[in-house]
Amino acid sequence: MQALPSPAEAESLIRRHVPRLPIESRPLASLAGAVLARSVRAERDQPPFDRVTMDGIAIACEAWRAGQRRFRVAGTQAAGQPPQSLPSGACLEVMTGAVLPPGSDCVIPVERITLVEDFAEVDPAAAVEPFENVHTRGLDCREGDLLLAPGTRLGAPELAVLASAGLPRAEVHAEPRIAIVSTGDELIEPGEPIEAWQVRRSNAYALRGALALRGYAQITEDHLPDDPRILAERLRQHLENHDVLVLSGGVSMGRFDHVPRTLRELGVTEVLHRVAQRPGKPLWFGVGPAGQAVFGLPGNPVSSLVCLVRYVVPGLQAAAGLVARPPEPVALGAAFRVKPSLWYFLPVQLDSNPTLGTVALPRPTRGSGDFVSLPGTDGFIELPPGPAEYPVGHVVPLHRW
Ligand code: AMP
Ligand code: MG
């Protein structure tokens with residue numbers, strides 16, 4: 001039998017096969033979290049003029065060097081006003097953000113001066129050097145410089161840069177339309193009466209939460225019985241209306257696990273079935289006839305959440321053209337023994353350790369059905385196949401919930 005792919009191999013297969021989301025133009029105020037599809041270049045030099053960085057007075061350093069300590073206040077240069085020239089031998093009162101008046105080359109902060117009638121008397125101990133308290137034109141970037149590259153996620157700093165480039169809109173990858181579809185005859189919605197042999201439908205809420213916390217908002221949900229006819233009918237509709245399907249349950253080897261076969265019959269090409277990992281080994285991934293990404297997550301609650309974080313999230317990022325980042329490293333805060341010869345996803349709680357810094361404390365569950373142990377954990381770490389004992393301080397990738 002062919003060896004199953006490792007988690008890293010499975011992730012890269014998924015990244016390679018997910019379709020690229022279309023590009024659309026959106027207004028600046030709606031771009032938080034979006035992924036840029038085109039380069040953004042500087043509209044002007046930044047700062048665009050020699051910018052005063054302290055409230056005070058602007059003078060010519062030459063006058064100071066010649067021994068002048070008392071300056072007539074010839075006027076005021078406020079932020080947003082066109083530049084006024086400095087009369088010879090005088091000073092101009094200046095405000096933070098104003099243009100440095102032509103003829104001056106230095107700003108003395110207000111704390112260093114005493115105003116006596118129309119004159120500013122400067123503390124002789126003041127540091128007066130050319131371009132002191134001035135942010136000079138073009139220091140940060142030049143007109144036309146590349147500020148943001150395609151594939152950049154727009155967080156707070158990037159949004160400020162985008163606005164500074166004078167762009168009211170930007171071209172970004174469209175948000176994916178995601179369907180979360182849980183399957184299983186045993187599952188009962190919270191709020192509905194339940195029998196002893198039935199189970200609460202909980203996965204969809206965890207999966208939706210993990211996606212919502214990452215900014216994905218276009219999410220619809222459905223629940224389907226283990227009936228191949230109904231599965232086929234509804235999955236066909238979901239494929240028509242979504243870019244991404246996230247299915248939970250029905251991908252294992254049981255007689256009622258109809259999901260892989262039904263998807264194949266609907267023209268979804270299987271790319272991956274099963275990964276050398278625990279939990280979440282039965283993971284299924286395929287690509288639909290119109291390029292839809294279809295993830296079949298195992299139904300066990302720990303497995304489905306781990307697989308969402310480990311595979312669906314990177315897949316969504318790749319679909320938006322987001323450049324992959326290396327995983328976040330963390331040190332083990334307690335030794336841990338892995339028995340199976342499979343990659344092991346271990347829930348952890350982060351803690352701070354006086355010598356190791358941030359560490360991951362193992363919080364193993366009692367199997368992949370035990371999601372009650374997960375609250376309070378921060379995510380999971382990825383341990384290479386056992387049997388092996390990993391010591392305190394061993395550095396491993398962390399995946400946050
Ligand atoms: P399956 O992958 O369909 O074989 O399901 C494996 C286990 O996960 C079974 O015990 C299911 O009852 C449980 N399960 C499946 N889907 C969900 C769900 N949406 N919420 C909670 N438990 C689930
Ligand atoms: Mg099932």
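Student: Over the face of which residue does Arg70 lie?

Tutor: A charge sits over a ring if NZ of Lys or CZ of Arg is within 6 Å of the ring centre and within 35 degrees of the ring normal. Here Arg70 lies over the face of Phe119, at 4.1 Å from the ring centre. This is a predicted model, in which local features need pLDDT of at least 70 and side-chain atom pairs count only at pLDDT 80 or more, while totals for chains, interfaces and linings use all residues. Residues are numbered from 1 along each chain as its sequence is written, chains are lettered from A and ligands numbered from 1 in the order in which they are written, and side-chain values use heavy atoms, with hydrogens and water left out.

Student: The charged end of Arg69 sits over which ring?

Tutor: Over the ring of Trp64, 3.6 Å from its centre. Trp64 belongs to helix 2 (residues 61-65); helices are DSSP runs of H or I with at least four residues, strands are runs of E with at least two, and both are numbered from the N terminus.

Student: Is Trp64 buried or exposed?

Tutor: Buried means under 20% relative accessible area, exposed over 50%, and partly exposed in between, with a 1.4 Å probe and protein chains only. Trp64 has 8%, so it is buried. Contact means heavy atoms within 4.5 Å. Beyond four places in sequence, Trp64 touches Ile59, Arg69, Val122, Asp123, Pro124, Ala126 and Val128.

Student: How many aromatic pairs does the structure hold?

Tutor: Rings of Phe, Tyr and Trp (its six-membered ring) pair if their centres lie within 6.5 Å; planes under 30 degrees apart are stacked, over 60 edge-to-face, and the rest tilted. The structure holds 4 such pairs. One of them joins Phe336 and Tyr344, with centres 5.9 Å apart and planes at 20°, so that pair is stacked. Both Phe336 and Tyr344 are buried. Phe345 and Phe380 have centres 5.1 Å apart and planes at 50°, so they are tilted. That pair links distant parts of the chain, 35 residues apart: Phe345 in strand 24 (residues 343-353) and Phe380 in strand 26 (residues 379-383). Phe345 is buried at 3%, and Phe380 at 0%. With Trp401, Phe345 and Phe380 form one aromatic cluster.

Student: Which side chains make polar contacts with the side chain of His399?

Tutor: A polar contact is a pair of N or O atoms within 3.5 Å; within protein, one must be able to donate a hydrogen and the other to accept it, and residues adjacent in sequence count only if both atoms are side-chain atoms. The side chain of His399 meets that of Glu382 at 2.7 Å and that of Arg310 at 3.5 Å. His399 lies in strand 28 (residues 395-400) and, at 12% relative accessibility, counts as buried.

Student: Which residues have the most contacts inside the largest nonpolar core?

Tutor: A nonpolar core is a set of buried Ala, Val, Leu, Ile, Met, Phe, Trp, Tyr and Cys residues joined through side-chain atoms within 4.5 Å. The largest has 40 residues, and Ile178, Leu211, Val246, Phe295 and Leu297 have the most contacts inside it. Elements that each supply at least two residues include helix 1 (7-17), strand 13 (178-183) and helix 7 (301-319). Helix 7 gives the most, with 12 residues. Another core, of 15 residues, lies apart from it, with Val181, Leu235, Val259 and Val268 among its members.
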